[in-house]
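Subject: Structure handover

Hello,

Here is the structure I promised to pass on. Please open it first, then read my notes below.

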Amino acid sequence: MAAVLRLPGGAGEASEIVEALLVAAGARDTTAPKLAARWRQIANDIGDALDQLPVPKTTQEQN
């Protein structure tokens with residue numbers, strides 16, 4: 001299944017979501033291991049998608 005994730009802050013916000021999922025998964029390792037594994041998989045899927053994005057182009061302003 002695919003999903004579109006639109007965030008006003010772009011990839012920076014998506015990486016924060018990935019980090020939050022991994023922290024939450026670590027907190028649930030012993031009490032809900034299946035849920036923790038699912039959150040890790042979601043984090044990995046988002047991370048993989050971020051890795052596939054093109055590198056942003058930067059331009060320098062001329063003074």
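Which residues lie nearest the centre of the largest pocket? They are Ala3, Leu5, Asp45, Ile46 and Ala49, and the lining has 16 residues. (A pocket is an open set of points on a 1 Å grid over the protein atoms alone, where a 1.4 Å probe fits, with protein on both sides within 12 Å along at least five of seven lines; lining residues have an atom within 4 Å of a point.)

Before the rest, some ground rules. This is a predicted model: local features need pLDDT of at least 70, side-chain atom pairs need 80 or more, and totals for chains, interfaces and linings use all residues. Residues are numbered from 1 along each chain as its sequence is written, and side-chain values use heavy atoms, without hydrogens or water.

Back to the pocket. Its volume is about 560 Å³. H2 gives the largest share of the lining, six residues. By class, the lining has 13 nonpolar, one polar and two charged residues. (Ala, Val, Leu, Ile, Met, Phe, Trp, Tyr, Cys and Pro count as nonpolar, Asp, Glu, Lys and Arg as charged, the others, Gly among them, as polar.)

Now the helices (DSSP runs of H or I, at least four residues, numbered from the N terminus). H1 spans residues 11–27 and H2 spans residues 33–51. They pack at about 160 degrees, axes 8 Å apart. H1 and H2 are therefore roughly antiparallel (an angle over 145 degrees). Their contact (heavy atoms within 4.5 Å) includes Leu21 of H1 and Trp39 of H2. It has 14 nonpolar, three polar and one charged residues.

Best wishes

Conventions. Axes are lines fitted to C-alpha atoms, for helices over the stretch in contact, and angles run from 0 to 180 degrees between N-to-C directions. Helices (H or I, at least four residues) and strands (E, at least two) are DSSP runs, numbered from the N terminus. Angles under 35 degrees count as roughly parallel, over 145 as roughly antiparallel, 65 to 115 as roughly perpendicular and the rest as oblique. Grid points are joined across faces, edges and corners, and a volume is the space filled by probe spheres set on the points.
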